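Let us walk through this structure step by step. Keep the sequence and the 3D view side by side.

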Amino acid sequence: MRAVVFEAWKTFPTLKDIDKPTPGPGEVLLKVAGAGACHSDVAVYKDFETATAPPQLAPSYVLGHENSGWAEELGEGVEGIALGDAFLVYGPIGCGHCVACSRGEDTYCANAATMPYLASGLGRDGGMAEYIVVPARNLVPLGDADPIKAAPLSDAGLTPYHAIKNSLPNLAGGGKFALVVGLGGLGQVAVQILTALTGATVIATDSKADAMTRARAHGAITVESGPDQAAKIREITGGRGVDAAFDFVGIAPTIALASSVMATKSRLTVVGIAGGKYEWSFFTSPYESTLTNTYWGTIEDLYEVVAMYKAGQITPDVEIFAMEDALEAYRKLEAGELSGRAVVVPHLAH
Ligand code: NAD
Ligand code: ZN
């Protein structure tokens, strides 16, 4: 089968033929419906190396940690899954039996250090291929919802959802403000989730004009970058600042921008994994404000994201690529040329 393989650190992936996988005990073979290209993949193949990356991410394996598909074959002991049914894949794979995994929070598995991989497409073969094998426990049913447009939900939906859910206490009540920095795959869905789950005014910004146009269509007020950007954001809030912010870029300037417009008792979540640094001090931080990071989400969260998708509250903007054009999807993602989440669809004629 055709697959996008990450073969060596600091090397662009390769599109090549590999063997179709077979499901082991407790696993399911999926015929891939859609595989989203996430900016984290770019960090994995372009920025990371042995010294900086978790050892489980070492190549080689099939990329793609944002997947959906149809059940094609069941491994030994798997029951209750009908062949042909559509599923979204919960990407993280923990030990399955520690306290965190028991909560469906494989992202923070207590035994992660001894696991051979972190997730589908992150240390073990992912979904940028015609077929993928995943543990049956990681399948979230989609019912009759479109699995191709749903693929981005498993990361571009789940990650902002988890961060926003943890910030809901900050956004409860009237007259609240949320800020979204970086309106790519994750940021666009974040605007939709904030609009659906809170009554907050959503302020958004991106260095690209067309990204801001799409965010306005999803209900945000946008503020261009520039020297007076922080002042403009603060002005929209009546001078008080924002109650929750989500930085989907994560470089020092974006963390600094968000930090400069936070209200008292606010929460800033850095989601972008660009490694930006920020100097905290008692005197420059608003009282009782929280600065945190986040990693993906839980299986329970993913069920809730699917419910929002089915209710029409989240509709990821997607750009569809055939399997043979998968590398072009990554090229466009790196170049900032996408106007929707790139989703590779290996079986266009399904
Ligand atoms: P993307 O490439 O689709 O979107 C990034 C957006 O940021 C683009 O629209 C780009 O124009 C904008 N941007 C870049 N620099 C900017 C700046 N200085 N100011 C304003 N906007 C700027 O990326 P994505 O797939 O949505 O991922 C976003 C980030 O989140 C990446 O760093 C990715 O690695 C990370 N990520 C983190 C997690 C997690 O669990 N923490 C999960 C998935 C992705
Ligand atoms: Zn665990």
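**A guided tour**

Cys 98 counts as buried, because its relative accessibility is 9%. Buried means under 20% relative accessible area, exposed over 50%, and partly exposed in between, with a 1.4 Å probe and protein chains only. Cys 109 is buried too, at 8% relative accessibility.

This is a predicted model, in which local features need pLDDT of at least 70, side-chain atom pairs count only at pLDDT 80 or more, and totals for chains, interfaces and linings use all residues. Residues are numbered from 1 along each chain as its sequence is written, chains are lettered from A and ligands numbered from 1 in the order in which they are written, and side-chain values use heavy atoms, without hydrogens and water.

What holds the zinc ion (ligand 2)? Its protein donors are the SG atoms of Cys 95, Cys 98, Cys 101 and Cys 109, 2.3 to 2.5 Å from the ion. Donors are N, O and S atoms within 2.8 Å of the metal (3.2 Å for Na, K and Ca); water is not among the atoms, so sites may look incomplete. The spacing of the donor residues in sequence is C-x2-C-x2-C-x7-C. Cys 98 sits in the loop between strand 6 (86–89) and helix 2 (99–102), and Cys 109 in the loop between helix 2 and strand 7 (119–120), so the pair ties together parts 11 residues apart in sequence. Helices (H or I, at least four residues) and strands (E, at least two) are DSSP runs, numbered from the N terminus.

Now turn to charge. Side chains of opposite charge can pair when their charged atoms come close. The structure holds 16 salt bridges, each a side-chain nitrogen of Lys or Arg within 4 Å of a carboxyl oxygen of Asp or Glu. One of them joins Arg 137 and Asp 106, with the closest N and O atoms 2.7 Å apart. This pair links distant parts of the chain: Arg 137 lies in the loop between strand 9 (131–135) and strand 10 (139–141), Asp 106 in the loop between helix 2 and strand 7, 31 residues apart. Asp 106 is buried at 5%, whereas Arg 137 is partly exposed at 35%.

Another bridge joins Glu 328 and Arg 331 (2.9 Å, N to O). Both belong to helix 10 (residues 326–335); they are 3 residues apart, so about one helical turn separates them.

Finally, step back. The protein chain has 10 helices and 18 strands. Buried residues make up 55% of its 350 residues.
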